[in-house]
Amino acid sequence: MAYLYGGTILRIDVTDQEITRVPTSKYAKQYIGGRGINARILYEEVGPEVKPFDPENLIAFGNGPLSGTLFSGSSRTDMMAKSPVTNLIGNANMGGNWSAELKYAGYDNIVIKGISEKPVYIYIDNDDVEIRDASHLWGKDTYETPKLIREELADPEIKVICIGPAGENRVVFASIQSCVGDSGARTGMGAVLGSKNVKAIAVRGTKGVKIADPDKFLEVCREIHDTVKSAEFYDEVSKIGVMDSEYSYVLSGYEAGGDAHKTAPNFDAEGKTEFRKFWDKFGYKRSGCFGCPVHCMENYRVPQIGNTVISCELYPQLTWEVRNNDMMLWYKCVNTCHRFGIDNTSMAITLAWLMELYEEGIITAEDTDGVPMEWGSKDAILGMLQKTIHREGFGNYLADGMDAVAQRLDEIVPEKRRRGKSTKYWAMQVNNNPMYGINPRFNGMALAYAIGRRSDLIGDYDAFQSEVLYAPVYPHWSDKDKQHAVEHAYKEAERISGLKDAGDPNSYNGKVQIVSWIGIVTGITDMVGTCKWHTDWLFLPLMPEHFAKALSAGLGQEITGEDLIKASLMLRNLERSYEALHGRTRKHDTIPEKEFNNPVSRGPWKGLVLEKDKFEKMKDEYYSLRGWDLKNGIPTRKTLEDCGLKDVAESLKKQGLLHVE
Amino acid sequence: MNYLITVDLDKCTGCHICELACSLYNMKECNPEKSRIRIVRSEIDGLIYTIPTLCQQCETPMCMEMCPIGAIERNADTGALIVDEERCIGCRRCVNACPYGAIVVDPDTHIASKCTLCDGEPKCVEFCPKDALEYVRADRISIKKRRESIDKFLEYQKVLASSSVEREE
């Protein structure tokens with residue numbers, strides 16, 4: 001492990017404060033790094049009998065061989081644990097500066113197990129690792145915590161990731177926050193860290209990353225930076241981020257409310273969105289993660305409320321998803337999510353569900369602490385957010401996730417009012433994980449949600465379709481631009497799937513191939529420790545070959561794009577097998593029943609329908625492509641042995657889950 | 001004529017790419033700790049502030065003045081102040097003298113390390129994705145600054161004009 005890697009996996013048992021070191025070489029050849037190594041360790045050590053908040057559950061953090069290098073977007077930290085939301089794989093991935101610093105300290109992954117008696121934080125200073133008392137940090141938010149740690153250790157260069165009060169309170173969708181603006185927010189990683197009484201991990205590393213062929217690596221990186229910067233989408237994303245595209249998603253019916261939302265705000269006469277106006281008024285500057293030329297994040301300064309760094313899904317969730325038109329309320333909520341360490345998506349989708357139940361007359365204010373769950377209501381949105389963070393009143397149920405809320409409501413709401421159904425029927429969730437707002441009635445999205453490796457779509461996102469979907473509503477574009485965008489999307493969809501009509505939202509053709517490809521590419525970025533935004537996932541042009549070229553020059557050994565694709569497929573099979581061992585089968589790969597055969601209600605795609613039988617056929621096609629048995633959606637022996645996972649096949653067999661030998 | 005690296009603070013996003021390009025080209029590894037340009041970063045109440053700091057190739061270089069053995073000399077072609085690695089004894093007088101923290105003694109080689117302008121093709125400038133760093137002819141830096149102030153003035157005039165139109169309406 002002379003090159004690109006830190007060389008060591010750090011293992012910490014916080015119960016007895018035991019610190020051990022394992023050479024990364026044990027895993028690196030097959031699992032590469034980041035999510036790959038995390039998944040293998042989770043598979044080996046956390047069985048179905050372990051509950052998410054047990055000391056035996058672990059939380060693993062990993063960078064990857066390209067983290068901390070000059071490669072474009074070399075900033076990512078992947079984290080994995082058994083999820084308190086889904087009871088399956090929990091996985092989140094974040095940017096910031098921490099990933100590179102960890103590498104510079106000499107570590108590729110950190111695995112934390114056990115439960116500390118008292119609150120602690122972990123301090124890593126190159127080779128020195130210390131578990132320190134965090135009693136004085138407990139209860140502090142994620143803005144104060146890094147500051148206090150830097151003061152205490154008298155080192156302003158320390159990089160910190162930490163949880164806020166939500167993680168301490170084990171709110172199941174609590175996040176882990178990195179420095180400023182980056183969150184590992186999905187599937188409750190903050191709750192797992194909180195359950196271990198670990199407040200933060202502070203790192204200082206000065207060792208750098210050794211490169212086998214530095215001159216060649218510099219050349220490769222130059223080509224890669226040029227490739228990213230010359231992409232058509234780069235100009236927009238680096239200047240205004242994705243705030244306009246997010247808005248267009250809402251308008252086109254592609255995002256917000258799972259289509260429950262029948263009206264949407266519009267661009268103003270000058271083509272400006274509410275977000276743009278907010279940015280013009282309160283924007284401070286753009287920023288980005290370590291090593292990234294894209295800088296997709298907006299820094300805001302708002303008097304009285306405070307500062308927040310915002311990007312991507314933070315825009316549409318606590319606004320249109322809950323029909324909130326008050327930008328100040330939205331900003332206050334996002335600021336609260338960051339500071340207190342909670343996933344804004346899960347919160348928004350959970351609130352939107354309660355609001356729909358309220359609108360439909362299924363629940364009343366009485367059921368939710370006397371707060372009427374009206375669309376856009378400040379008491380309902382900010383009030384419930386605060387109650388959830390602190391587990392007060394009805395917030396105590398919200399903090400335990402959608403299943404817990406549904407159970408509570410089903411107890412107190414008469415069956416007749418629920419129309420004989422569980423309140424969960426109206427919840428937008430996959431395996432208890434609140435879905436992103438993106439509308440699952442578009443078939444590619446539906447598939448990505450259903451087979452998603454962490455029960456949501458974002459990792460296997462069908463990006464190309466979005467351009468087709470939102471082009472009609474994009475106000476800055478002339479008809480010619482719109483035509484160009486649609487043609488571009490069709491062309492890209494055809495490139496990936498090999499099918500001419502793959503870009504057509506009405507067609508079921510090619511969607512499986514696209515979702516499969518995006519899953520492969522994002523698997524690669526998660527393993528090498530770079531940002532998926534630079535790939536097909538978001539119209540930027542990095543391909544497996546680019547990663548392979550950099551790895552080859554950096555490691556001094558030949559690696560091909562094909563090798564990385566194989567590794568990514570191996571990872572998918574490993575994660576899928578793990579979930580199968582934890583009870584996931586074909587029937588869990590679905591979206592809320594109410595979304596089938598229910599036409600899109602507004603926007604340019606009004607009337608589009610997701611047909612259940614065709615959806616099931618897409619699943620068949622996806623399973624066949626992956627080499628999984630059609631009946632259960634579990635990898636076959638041949639699939640597993642072909643990718644070097646013979647031992648995984650054996651453990652599936654032992655549990656009677658290897659349905660096809 | 002000498003060229004210098006200039007910094008536009010408004011454009012810098014704090015991505016550290018300059019540090020990575022510098023250390024990879026000059027020190028053959030990716031390591032901000034070994035970069036001759038450094039991004040100083042502060043996170044205050046949820047906001048990121050970053051400032052690139054680097055050698056100004058001063059006209060009266062304190063590093064050169066203070067060096068007890070005269071190991072720092074100005075390169076006639078580029079104007080960069082260059083450390084003679086054979087002669088440097090790692091005494092850190094230059095480190096203490098530099099007002100910018102732009103010269104360090106490398107913990108591995110034990111000799112002083114500073115910006116050489118990459119022999120006239122600075123890698124930090126080349127890789128900066130926001131053009132926050134520019135390689136500018138030394139005598140033109142102030143021209144650029146002056147032009148910037150008139151641009152701001154014209155912008156202000158435009159705002160004034162548009163608001164007076166609004167008032168008339």
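Tutor: Asn431(A) sits in the loop between strand 17 (429–430) and strand 18 (433–434) of chain A. The model is predicted, and its phi for Asn431(A) is near 50°, a positive value in a residue other than glycine. The relative accessible area of Asn431(A) is 17%. The cut-off for buried is under 20%, so Asn431(A) counts as buried.

Lys28(B) lies in the loop between helix 1 (17–27) and strand 2 (29–30) of chain B. Its phi is near 65°, again a positive value in a residue other than glycine. Lys28(B) is partly exposed, with a relative accessible area of 35%.

Chain A has 24 helices and 20 strands. Its radius of gyration is 23 Å, close to the 26 Å that the globule rule gives for 661 residues, so chain A is as compact as a globular protein of that length. The C-alpha trace of chain A spans about 60 × 55 × 55 Å along its principal axes. Of the 661 residues, 68% count as buried. Among contacts in chain A with a separation of 6 or more, 68% are accounted for by residues 24 or more positions apart. Chain A exposes about 21,100 Å², and carbon and sulfur atoms supply 48% of that area.

Within chain A, strand 6 (residues 107–113) gives an example of an enclosed element: 6 of its 7 residues are buried, so strand 6 is largely enclosed by the rest of the structure. Strand 6 of chain A pairs with strand 1 (residues 8–13) in the parallel sense over 6 bridges. In that strand, Lys113(A) is the bridge partner of Asp13(A). Strand 6 of chain A also pairs with strand 3 (residues 59–62), in the antiparallel sense over 4 bridges. Here Asn109(A) of strand 6 stands opposite Gly62(A).

A contrasting residue of chain A is Asp613(A), placed in helix 22 (residues 612–626). Asp613(A) is exposed, with a relative accessible area of 52%. The C-alpha atoms of Asp613(A) and Trp375(A) are separated by 33 Å, and the two residues are 238 apart along the chain.

The C-alpha trace of chain B spans about 75 × 40 × 25 Å along its principal axes. Of the 169 residues of chain B, 43% count as buried. Of the contacts in chain B between residues at least 6 apart in sequence, 51% join residues at least 24 apart. The accessible surface of chain B comes to about 9,300 Å², with 51% belonging to carbon and sulfur atoms. Chain B has 22 positive and 28 negative side chains, and the centres of these sets lie 3 Å apart.

How values were computed: Residues numbered from 1 in each chain as written. Chains lettered and ligands numbered in written order. Predicted model: local features only at pLDDT ≥ 70, side-chain atom pairs only at ≥ 80, totals over all residues. Heavy atoms only, no water. Helix = DSSP H or I, 4+ residues; strand = E, 2+ residues; numbered from the N terminus. Rg over C-alpha atoms; globule rule 2.2 N^0.38 Å. Buried < 20%, exposed > 50% of the residue type's maximum accessible area, 1.4 Å probe, protein only. Contact = heavy atoms within 4.5 Å. Areas by Shrake-Rupley, 256 points an atom, 1.4 Å probe, with all protein chains shown as cover. Pairing = 2+ DSSP bridges. Lys, Arg positive; Asp, Glu negative; His and termini not counted. Charge placed at Lys NZ, Arg CZ, Asp CG, Glu CD.
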